[in-house]
Amino acid sequence: SVLACAAAPAAVNAPLDEARTLAAQLATQLGTALRREMGAAGPEGAVAVCRQLAPELAGTLSRQAGLRLARVSLKPRNPMLGQPDAWEQAVLADFARRAAAGEKPESIEYHEMVDEPQGRHFRYLKAIPVKPLCLACNGPAESLTAAVRDRLAADYPHDRAVGYAPGQVRGAITVKKRIEGQ
């Protein structure tokens, strides 16, 4: 596959380690908040976690690290925040193919150095797997409760993030860091 990761050269190890750490931080903090809110207010209450807390966490971590950290998907819930660029679209399509071929979504990631008009960037994507918890808001539309459907319609009028099953790739955490002096 064109998108298969080769052995990381030494120059990539530091940004790769940083990207993995930041992606894990975002996933852990978001997962903790989602589980807490699901227990307190059910799935319709948890929608607010992804709507408000996820972009706030990603923004805070981005500013602290001096890079771009976000969540993207081929089927974004909020196209204003989760629309992948061309590079991310290609990698996400490869992630879906890899998961469909039996690779465990929780282990799927990809990184490379990319020359762009704005300069050289380290790019990283870490798959977000669909877990049973996700199905309350991202599962098949007919399986969502009326309260969740109403909340999604109100908060996300252009929502495309339904119809998932466990074992699929929901999207990815993306990291983009400019490499100075390149």
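Let's start with Asn138: apart from its neighbours within four places in sequence, this residue is in contact (heavy atoms within 4.5 Å) with Arg77, Leu144, Ala161, Val162, Gly163, Tyr164 and Arg170. The model is a predicted one, where local features need pLDDT of at least 70 and side-chain atom pairs count only at pLDDT 80 or more, while totals for chains, interfaces and linings use all residues. Residues are numbered from 1 along each chain as its sequence is written, and side-chain values use heavy atoms, leaving out hydrogens and water.

Asn138 belongs to helix α4, residues 135-138; helices here are DSSP runs (H or I) of at least four residues and strands are runs (E) of at least two, numbered from the N terminus. Its relative accessible area is 10%, so Asn138 is buried. Buried means under 20% relative accessible area, exposed over 50% and partly exposed in between, with a 1.4 Å probe and protein chains only.

Next comes the sheet. Its four strands make an open, antiparallel arrangement in the order β1-β4-β3-β2, where pairing takes at least two DSSP bridges between two strands. Because β1 (68-72) and β2 (109-116) stand at the edges with a single partner strand each, one side of each has no neighbour in the sheet. Strands β3 (residues 119-129) and β4 (residues 169-178) pair over nine antiparallel bridges, and Lys126 has Ile173 in β4 as its bridge partner.

Finally, two charges sit over rings (NZ of Lys or CZ of Arg within 6 Å of the ring centre and within 35 degrees of the ring normal):

| Charge | Ring | Distance to ring centre |
|---|---|---|
| Lys75 | Tyr164 | 4.4 Å |
| Arg77 | Tyr156 | 5.8 Å |
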